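Here are my notes on the two-chain model you sent over. Have the viewer open while you go through the points.

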Amino acid sequence: MPGGVDIHAHIAGPKVNSGRLLRPEDHIIDPLKKTAVARSGTGRSVPSTYYTGYAYARLGYTFAMEPAMPPLEARHTHEELMDIPIIDKGAYTLLGSNWFVLERISEMNKDEMAAFVAWLLKASGGYSIKLVNPGGEETWAWGKNVHTLDDLVGSFKATPRKIIKTLAAVNERLSLPQTIHLHTNNLGIPGNHDVTLETMNAVKGIKPGKGRKTNMHLTHIQFSSYGGKGWNDFCSEAPEIAHYINKNDHVSCDVGQIIFTNTTTMTADGAWEWTLRGITEHLAWSPRSGSKWMNTQVELESSSGVVPYIFRRKNPVNAVQWAIGLEFLLMIKDLNKVNISTDHPNGGPFTFYPTIFSWLMSKEARDRMLSRTDKAAKEKTSLAELTREFSLAEIAQVSRVSASKILGLKNKGHLGIGADADIAIYDFKAPLNELNKNYKAVEKGFAKAAYTIKDGELVLKDGEIVSSPFGRTFRVEANIPEDWTLQIRDAIEDRFRKHYTVSLANYAVQKEYFPNEELITTEPR
Amino acid sequence: MKQFILTQKKPVINPNIPIEADVISPDIFAKKSIEEIKKLIIWRGNRQLALEEIFSLSGEEHAGDSPAEIEILLTGELSKYKHIGEKMSEGKITIKSSIGMHLGSLMSGGKIVVEGDTHDFAGANMTGGEIHIQGNAGHYLGGSMRGNWRGMSGGKIKVDGNVLNECGIWMRKGIIEIAGSATMFLGMHLHRGTIIVHGDVIERAGAEMTGGEIIILGKLHKNLPSFEFKETIDELPIEGYGTIKGPFLVFVGDYAERKQGKMFLLKKKNEHLID
């Protein structure tokens, strides 16, 4: 198979580092010893940089994207990305609550907005536009949150709907390789599926850029597909959203599957992390006063939070969440629109991908887990009725092919002419046509690739690292016409002088941060 | 019992460099011949050493299959030796001197006897077994590993001397008995389980406790304001220990958390707390 592509995994940056600091008890479980070619490290839910690279190689993955980089923290993010060996990587730039965007959204000059976004992508070394709870991060700075698409954001005239539509349009205008990468409003809250549907409808009319049909990527969609009014009647609305995605071609998604394990949640959606912190007070595994937590505001750009969380099989809500992720993967007919993620480490560490593969390939494996989970998974979702079993080709589709298509990567996700020599070879020790009965062999085979080859070099043999080269950082620059930027240059300078803690000259990430890079340039329309 | 005697050859040259000796455990010695045991690797700073470079070993030719049958005897100046008996499940370790950090952390069974003092984190996150410390213990005795909100969950620790701060932090089950005194934050975040102190305690015992019981037979110099005096009882039966004669003052707390923790203070030494 071509090397795996992870479209959404929090692997580098300030909040990941906060997560590392917050969870020493998590590292101690999984230490990695130094070898002749590999460095030592600590693992599990927030692994160290070197461990991250090796762990991906062990799974046969060769590409991963850090999905939430506040431009102000771009330096930190790229410093960590530079230290992740083997895999190719990149980062998405957070734009959902940027003051500059919020301020100008009501009297928008389209050229100006496009120029700003292009400048910010270049300054932060980002790959695409990421929106996290659009507008909510700024509202959270005032202790509030946005709950519908038409709530006003702070003291601005912006609403989440306007932000999403504007940035989706800008994204297509700049012909960026990926669509906007969206973490919906109300994420994690029961009954949020209507906001998700509304969000998808809102961008329906926007014409996709060259070479693709989609204009929006909904990330970790599992967390945005909940029905019910509260935690008691919490249920799955995955069929409704999967139906929309099947009927319309403009949306792609990754699932954000949860795994029953001890993990660390981290997102730029500070408001949701605060809510989650409150929820942990009532859970059996957590200390009575709630789990430990962190929450941050990133000046004019974003917020973030970190909370440890244990997904439990016997917790009805967790059981339903587990089923929803699989429902999406099994219900969406065109597998180009969906790919596997755990929203590492929010739903579980990425090292559990092989377990997800085994659930997809074998109904027996799903049923076995279903019988061990709380009965809510059976009663409140449709998972028990789904009989689809993935073939190996379909697993390849949802773990690498569709992700690289969604990302607009021409040299990843296939082994044809022009592809990078990123190859994973697995040995299942079982007949290939009977893998659906041998789900344990599937899990074992995928967990330890027989060989992983990165850019033609053998990096892993029989699960052991044999060499540790450094991959490239992928970033995007849009060639915008000179006169678009003239109008905003003064405004940006003014903003930095008045409100930022860093000066403009120290803000942009310079070329030293990309020792190996692959620059994708686009021509705006 | 198959006995292995490990005698330190000469004192460590630079005593500031810690030695990670987690291989000294009956579980790891089992199924190995004495020659294999001599070759086990321990880390001194960033250098690997074979066990025989530091210790002279004597004992049976082969350790046999069952760790329960193995007894390890350690002598020497061992205060920089960390992680001894870590994760052990059966057998016995006797240490003739003082020992370094993380003694018997994560152990699930067996017995460790220390004839000297222990450093911090002795018995941290242990789930079973027994530790008997005949000297004094350091901080975090029977506590939790850094960052973990679930500490010791079984087993028994007995200290003949004194302990330092945060003894039994985040404890969920088991008994810690201290013959001497304790300093601050005794039984902090205690969830379940029992801590018995025969000597005096300085202050802040039971801070943020959400359950379990702390019994102090000496003087608690200063109580937290978030504990409330409830009643006086004559004697106190403790599961797995026996009955202690009182009378005791019963305090309930911590009111900053849920009020399910109980602190029993010997009345004749603690009357100053209810004035």
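Is A:R173 buried, partly exposed or exposed? With a relative accessibility of 21%, A:R173 counts as partly exposed. The scale here calls a residue buried under 20% relative accessible area, exposed over 50%, and partly exposed in between, with a 1.4 Å probe and protein chains only.

1. Ground rules. This is a predicted model, so local features need pLDDT of at least 70 and side-chain atom pairs count only at pLDDT 80 or more, while totals for chains, interfaces and linings use all residues. Residues are numbered from 1 along each chain as its sequence is written, chains are lettered from A and ligands numbered from 1 in the order in which they are written, and side-chain values use heavy atoms, with hydrogens and water left out.

2. Salt bridges, starting with A:R173. The criterion is a side-chain nitrogen of Lys or Arg within 4 Å of a carboxyl oxygen of Asp or Glu. By that rule there are 40 salt bridges over all chains. In one of them A:R173 pairs with A:D111, and the closest N and O atoms are 2.9 Å apart. A:R173 sits in helix α8 (residues 160-173) of chain A and A:D111 in helix α6 (residues 110-124) of chain A, so the pair ties together parts 62 residues apart in sequence. A:D111 is partly exposed, at 22% relative accessibility. Helices (H or I, at least four residues) and strands (E, at least two) are DSSP runs, numbered from the N terminus.

3. A:D455 deserves a look. Its side chain meets that of A:R472 in a salt bridge, 3.2 Å from N to O. The pair links distant parts of the chain, 17 residues apart: A:D455 is in the loop between β17 (451-454) and β18 (457-461) of chain A, and A:R472 in the loop between β19 (464-465) and β20 (473-478) of chain A. A:D455 is partly exposed at 40% relative accessibility, whereas A:R472 counts as buried at 17%. A:D455 also has a positive phi of about 50°, although it is not a glycine.

4. Which residues are linked with A:D455 and A:R472 in a network of salt bridges? The members are A:D88, A:K412, A:D420, A:D422, A:K454, A:D455, A:R472 and A:E518.

5. A strand pair in chain B. B:E130 forms a salt bridge with B:K111, with the closest N and O atoms 4.0 Å apart. B:E130 lies in strand β10 (residues 130-133) of chain B and B:K111 in strand β9 (residues 111-114) of chain B, so the bridge ties together parts 19 residues apart in sequence. Both ends are partly exposed: B:E130 at 31% relative accessibility and B:K111 at 29%.

6. Positive patch. A:K314, A:R368, A:R372, A:K440 and A:K444 gather in a patch of positive charge on the surface. Patch residues have over 30% relative accessible area and no salt bridge; like charges are joined within 9 Å, and nonpolar side chains (Val, Leu, Ile, Met, Phe, Trp, Tyr) within 5 Å. α14 (363-372) and α17 (439-447) of chain A each supply at least two residues of the patch. A:K314 is in the loop between β14 (302-310) and α12 (316-331) of chain A, and counts as exposed at 55% relative accessibility.

7. A cis peptide bond joins A:H344 and A:P345, with omega about 0°; A:P345 is in the loop between β15 (338-339) and α13 (353-361) of chain A. Another cis peptide bond joins B:G253 and B:D254, with omega about -5°. B:D254 is in the loop between β19 (242-253) and β20 (261-266) of chain B. B:K87 has a positive phi of about 65° although it is not a glycine. B:K87 lies in the loop between β7 (81-82) and β8 (92-95) of chain B and is exposed, at 53% relative accessibility.

8. Cysteines. How many disulfides does the structure hold? Zero, over all chains, taking a disulfide as a pair of cysteine sulfur atoms within 2.5 Å. For A:C235, the closest cysteine sulfur is in A:C253, 19 Å away, too far for a bond. B:C167 is buried, with a relative accessible area of 1%.

Technical notes: Areas by Shrake-Rupley, 256 points an atom, 1.4 Å probe, with all protein chains shown as cover. Lys, Arg positive; Asp, Glu negative; His and termini not counted. Charge placed at Lys NZ, Arg CZ, Asp CG, Glu CD.
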